[in-house]
Amino acid sequence: MSHAASVHSLWTLAADAPKKIPGPHIEYAQLAPVLIVLGAALLGVLVEAFLPRRARYHAQVLLTVVGLAAAFASVVALAVGGYAHDKAHVAAMGAVAVDGPALFLQGTVLLVGLVAVFTFAERRLDPAVQGRPVDSFAAQAGAVPGGDAEQRAVMAGFVTTEVFPVLLFAIGGMLVFPAANDLLTLFVALEVFSLPLYVLCALARRQRLLSQEAAVKYFLLGAFSSAFLLFGVALLYGYAGTVTYAGIADVVSGNVQTPGPALADTMGNDALLLVGGAMVLMGLLFKVGAVPFHMWTPDVYQGAPTPVTGFMAAATKVAAFGALLRLLYVVLPGMRWDWRPVMWGVAIVTMLVGAIVAVTQTDVKRLLAYSSIAHAGFILAGVIAVSPAGVSSVLFYLAAYSFVTLGAFAVVTLVRDAGGEATHLSKWAGLGRRSPLVAAVFAVFLLAFAGIPLTSGFAGKFAVFKAAAQGGAAPLVIIGVLSSAIAAFFYIRVIVLMFFSEPKADGPTVAVPSPVTSVAIALGVIVTVVLGVAPQYFLDLAGQAAVFAR
Amino acid sequence: MSFPLLTLTAAVPALGAVATAAVPAARRTAAKWTALAFSLATLVLAAVQLVRFAPGAKGPFQLTESHAWIKDFGVRYELGVDGIAVALIALTAVLVPFVILAGWHDADPLETKSSRWRPTQGFFALILMVEAMVLIAFEATDVFLFYIFFEAMLIPMYFLIGGFGDRAGEHGEAETAAQRSYAAVKFLLYNLAGGLIMLAAVIGLYAVTAHQLGAGTFSLQEITQARADGRLEFATTTERALFLGFFFAFAVKAPLWPLHTWLPNAMGEATAPVAVLITAVVDKVGTFAMLRFCLQLFPEASKWATPAILVLSLVSILYGALLAVGQRDIKRLIAYASISHFGFIILGIFAMTTQGQSGATLYMVNHGISTAALMLVAGFLISRRGSRLIADYGGVQKVAPVLAGTFLVSGLATLSLPGLAPFVSEFLVLVGTFTRHPVIGGIATLGIVLAALYVLVLYQRTMTGPVREQVRRMPDLRARELAVVAPLIALLLFLGVYPKPLTKIVNPAVEHTMSQVHKTDPRPDVPVKAPVTAHDVEAAK
């Protein structure tokens with residue numbers, strides 16, 4: 001078809017009598033989890049606007065917990081109703097998938113969010129101001145750090161209860177992200193959960209400059225990666241003439257013979273596919289924190305308020321790996337031979353860099369940041385397997401890992417000195433003598449990170465490596481165990497520091513938390529041990545959820 | 001569904017650990033008695049195992065238990081014992097009460113620090129935890145189950161080494177603590193690295209079985225059965241790679257030269273009872289696993305690797321013994337002696353003869369008892385003087401004759417004096433090696449000579465000669481200490497004169513292992529010209 005002819009056909013098409021545009025058909029019941037969370041978030045904004053300052057904290061916490069619990073209940077209802085298996089399909093006119101992986105990951109994100117709310121709501125760690133308890137968030141986020149306005153806000157004992165609706169918006173985006181079934185929904189979901197996270201990162205009550213620096217870094221790099229993703233989406237549209245996953249997959253596998261007239265020249269051009277696919281992958285790998293897109297992780301993890309770090313480290317990984325899985329398994333399975341070598345490289349570099357650089361860290365939050373990078377590498381090893389076993393192992397790993405992470409960061413909030421949290425590792429010396437219980441709990445989390453048997457970390461690691469080995473990635477497994485050995489070194493170093501070093505005279509104290517943080521930590525320990533000792537039920541769950549709807 | 005004796009044997013010390021840890025901070029003595037009671041209960045259960053175990057029965061494993069555990073990984077909770085396992089379980093169960101008794105005061109806090117710091121409860125709870133995990137490892141017939149406890153036992157062991165040491169000597173508290181934590185970290189990293197290499201091999205084993213059998217399995221019986229039926233065949237390279245992955249971990253644990261360097265540090269810095277736990281109990285899991293898993297899962301690769309392993313074990317024997325001769329520190333000397341002895345054990349295992357492997361198994365038991373005795377007496381000696389250096393002692397036998405006497409007897413056992421238990425096993429190992437590898441067997445005997453040297457020189461320098469000033473007021477063994485040493489020495493004497501109960505249990509299991517490797521003993525090649533007849537006898541007259 002000549003150029004002129006194609007323009008002509010475009011013109012004639014446009015000149016046709018306007019067809020009736022069908023009203024969108026939305027399956028509200030199947031989208032209930034997302035709708036509930038976003039609805040609760042909107043209500044939270046109203047609460048913030050109309051309730052007196054005194055009543056806001058309790059109202060917000062209650063609203064958030066109820067909203068998340070209701071959303072989780074609806075996820076369970078959908079899963080029980082068969083949407084994870086036989087009724088799995090693509091809802092909302094092809095925009096959102098309701099299938100096993102989506103429901104499993106949404107459930108995980110909601111549980112993570114629920115536990116994170118407990119750590120957000122903690123108000124007993126910082127000394128009360130004017131008899132009013134304060135939490136870990138800035139008194140008045142808009143005030144200049146160190147300025148008069150901030151001074152006044154702190155003196156007045158203000159608290160930023162906006163964090164709760166902001167958190168809910170982030171969770172809402174994270175629910176859509178792993179379920180997104182077209183590229184535009186993917187992008188919108190990405191922005192919906194990223195923007196609230198940037199804001200949350202900037203809200204630390206102590207060390208506000210560090211916190212704001214982290215937020216700016218995260219925002220700039222995040223915006224950069226979003227741009228990559230969006231550009232990739234455009235190129236993929238140019239390649240396939242559609243943004244739906246199923247449509248692109250059809251073109252990739254060569255099932256579509258008659259391209260639309262508008263895109264006849266570019267459609268099926270492999271250069272567009274490769275470049276576009278790579279750019280979308282880049283955007284996702286950034287969120288996952290894989291090397292070489294990991295630069296933001298340590299700074300942001302360190303600067304953000306610790307409850308936010310815990311939430312972000314756990315939930316973002318879950319959501320982003322979900323999206324990555326869907327993209328690779330639904331859209332690009334036909335391209336396996338192109339992306340697998342690249343992902344091999346990324347996985348290997350991520351495991352090694354995460355483990356090796358972590359060895360030199362002196363700040364516990366940065367240490368956990370690099371450890372999260374190494375873990376991203378392990379999970380990628382499961383992603384690469386391209387088999388149902390690979391999907392289920394990744395799902396299991398994400399669930400196991402996120403609770404260990406939440407628990408570990410919750411413990412970090414407890415160890416404090418006069419300047420707030422004492423995150424420098426030298427201050428943790430002798431913690432095991434001063435507070436054996438807290439140190440022992442943290443040791444459990446560290447052992448789980450290190451993948452010692454009888455913890456969830458081991459079961460997860462075994463699952464992904466098993467899937468990788470069966471997928472023929474034996475070298476990946478060997479590099480994986482080697483970097484685990486390196487990683488073990490620094491986890492052990494922290495344990496040595498806590499238990500075998502003499503406590504320093506001016507060392508930090510362990511604050512006694514309110515029940516909310518205790519519950520969060522206890523849940524972390526319970527999940528870690530249960531998934532380590534009796535993982536079968538959860539492996540089954542992940543195994544049943546491992547089939548994508550197309 | 002029979003009575004879960006094996007589970008119970010391992011569960012009792014685990015429960016004991018919880019119970020001991022739960023004792024309130026102020027009631028230290030109660031914690032000690034709790035721990036001792038649970039360890040004795042475990043001993044009773046091990047004795048029941050020994051009685052219920054029928055040496056001649058059919059099938060490789062007895063008292064078996066099997067339950068589904070992690071279906072997705074092909075993992076079953078499978079326990080079962082053969083003669084080798086029963087002997088080592090008995091050894092563990094016998095030694096732990098003595099370890100607890102010997103370490104009675106090792107974890108008493110120096111001063112009352114924070115009321116929440118409870119070292120005593122922790123110490124005894126960790127010992128019981130290690131015992132529980134070691135017992136499960138001996139009982140497991142599922143590779144994955146074994147692996148889990150093989151790895152997990154590192155954690156309590158690590159805290160035992162790093163958290164509790166001898167009272168500071170002349171170096172001061174800070175430096176002692178630093179050395180101790182270095183030793184603990186070295187112990188953990190060596191063993192963890194070994195374990196992770198093994199993890200790769202374990203995953204590889206799953207991938208192979210899943211590929212060939214349709215469903216991945218870790219059951220030792222199922223895998224050996226499938227190999228016998230021809231349903232499962234390892235490619236040569238795969239089998240060798242998997243064998244090396246397993247063997248590496250066990251060689252670190254055992255330890256075999258050149259992976260041994262963590263042992264002298266760990267045994268030197270840990271208290272004597274913990275050192276006993278390391279060398280007499282935990283390390284035995286390594287040599288035991290070579291027999292049970294390396295040989296039975298990968299027979300062809302085992303035969304392929306035999307020459308190299310024999311040479312390495314020979315190096316271990318001589319290197320350990322030579323370094324023991326040169327040591328100035330009593331505990332490190334015993335550690336190097338142990339490295340030499342582990343060389344003998346591994347030599348016996350890979351000599352691939354019935355005598356060699358029976359000898360190796362007996363050696364594990366006897367080395368456990370003799371080293372425990374020697375190390376614990378050495379610990380009593382060190383606790384009296386506050387120094388580990390040989391040069392700080394002299395003439396002890398004049399002031400503390402019982403201590404010196406027990407030290408001598410356990411030392412003689414360590415050098416394999418005939419009449420004491422280790423002689424039987426060392427002799428069997430050497431004979432077993434000789435029939436197949438005369439040169440290696442010949443060189444290995446040098447180890448015995450060197451053993452005599454390091455033990456007797458140690459005794460001479462510390463116990464004989466003029467009484468040194470600092471030793472003059474040294475008290476002799478107390479009743480508690482005697483209660484620890486006397487039964488161990490009695491055992492050494494008994495098994496030295498009458499090893500039959502042990503060999504009767506061990507031999508069928510060894511024969512089974514040998515049949516798995518498809519090895520038969522070499523025929524004696526005594527030159528026999530013709531059948532000897534009555535006529536010849538007449539002619540000879």
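Student: Where does A:T108 lie?
Tutor: In this predicted model, A:T108 lies in helix α4 of chain A, which covers residues 100-120.

Student: Is A:T108 buried or exposed?
Tutor: A:T108 counts as buried, because 27 C-beta neighbours sit inside 10 Å and the cut-off for buried is 20 or more.

Student: OK, which residues does A:T108 touch, if I skip the ones up to four places away in sequence?
Tutor: A:T108 touches A:V318, A:L398, A:A399 and A:S402.

Student: What separates the C-alpha atoms of A:T108 and A:A399?
Tutor: Along the chain they are 291 residues apart, yet their C-alpha atoms are separated by 6.1 Å.

Student: And A:V318, which helix contact is that part of?
Tutor: A:V318 is on the α12(A) side of the contact between α4(A) and α12(A). Helix α12 of chain A runs over residues 306-331.

Student: How do the axes of those two helices cross?
Tutor: They cross at roughly 175° and come within 9 Å. The cut-off for roughly antiparallel is over 145 degrees, so α4(A) and α12(A) are roughly antiparallel to each other.

Student: Which residues make that contact?
Tutor: From α4(A), they include A:L105, A:T108, A:V109 and A:V112. From α12(A), they include A:F311, A:A314, A:A315 and A:V318.

Student: What classes do the residues of that contact fall into?
Tutor: The contact of α4(A) with α12(A) has 13 nonpolar, 5 polar and 1 charged.

Student: Switching to chain B now. At what angle do α11 and α13 pack there?
Tutor: Helix α11 (residues 272-297) and helix α13 (residues 330-350) of chain B pack at about 15°, and their axes are 11 Å apart. Angles under 35 degrees count as roughly parallel, so α11(B) is roughly parallel to α13(B).

Student: Is the crossing left-handed or right-handed?
Tutor: It is a right-handed crossing of α11(B) past α13(B).

Student: Which residues hold up each side of the contact?
Tutor: Among those making the contact are B:A275, B:T279 and B:M290 of α11(B), along with B:F342, B:I345 and B:I349 of α13(B). By class, the contact residues are 7 nonpolar, 3 polar and 2 charged.

Student: How many residues are in contact between chains A and B?
Tutor: On one side there are 28 residues of chain A, and on the other 33 residues of chain B.

Student: Which helix of chain A gives the most to that side?
Tutor: That is α19(A), with 12 residues. Other helices supplying at least two residues each include α17 (436-450) and α18 (456-470) of chain A. The chain A side has 21 nonpolar, 4 polar and 3 charged residues.

Student: You mentioned α18. Which residue lies in that helix?
Tutor: One of them is A:F462. A:F462 is buried, with 27 other C-beta atoms within 10 Å.

Student: How far is A:F462 from A:M335?
Tutor: Their C-alpha atoms are separated by 27 Å, and the two residues are 127 apart along the chain.

Student: Last topic, chain A overall. How many helices and strands are there?
Tutor: Chain A has 21 helices and 5 strands. Its radius of gyration is 24 Å, close to the 24 Å from the globule rule for 550 residues, so chain A is as compact as a globular protein of that length.

Student: What box do its C-alpha atoms fill?
Tutor: Along the principal axes, the box is roughly 85 × 55 × 40 Å.

Student: And what share of chain A is buried?
Tutor: Buried residues make up 59% of its 550 residues.

Notes
Residues are numbered from 1 along each chain as its sequence is written. Chains are lettered from A and ligands numbered from 1 in the order in which they are written. This is a predicted model: local features need pLDDT of at least 70, side-chain atom pairs count only at pLDDT 80 or more; totals for chains, interfaces and linings use all residues. Two residues are in contact if their C-beta atoms, placed from the backbone, lie within 7 Å. Helices (H or I, at least four residues) and strands (E, at least two) are DSSP runs, numbered from the N terminus. Ala, Val, Leu, Ile, Met, Phe, Trp, Tyr, Cys and Pro count as nonpolar, Asp, Glu, Lys and Arg as charged, and the others, Gly among them, as polar. Axes are lines fitted to C-alpha atoms, for helices over the stretch in contact, and angles run from 0 to 180 degrees between N-to-C directions. Angles under 35 degrees count as roughly parallel, over 145 as roughly antiparallel, 65 to 115 as roughly perpendicular and the rest as oblique. A crossing is left-handed if the near helix is turned anticlockwise from the far one by less than a right angle, and right-handed if clockwise. The radius of gyration is taken over C-alpha atoms; the globule rule is 2.2 Å times the number of residues to the power 0.38. A residue is buried if 20 or more other C-beta atoms lie within 10 Å of its own, exposed if 12 or fewer, and partly exposed in between; C-beta atoms are placed from the backbone.
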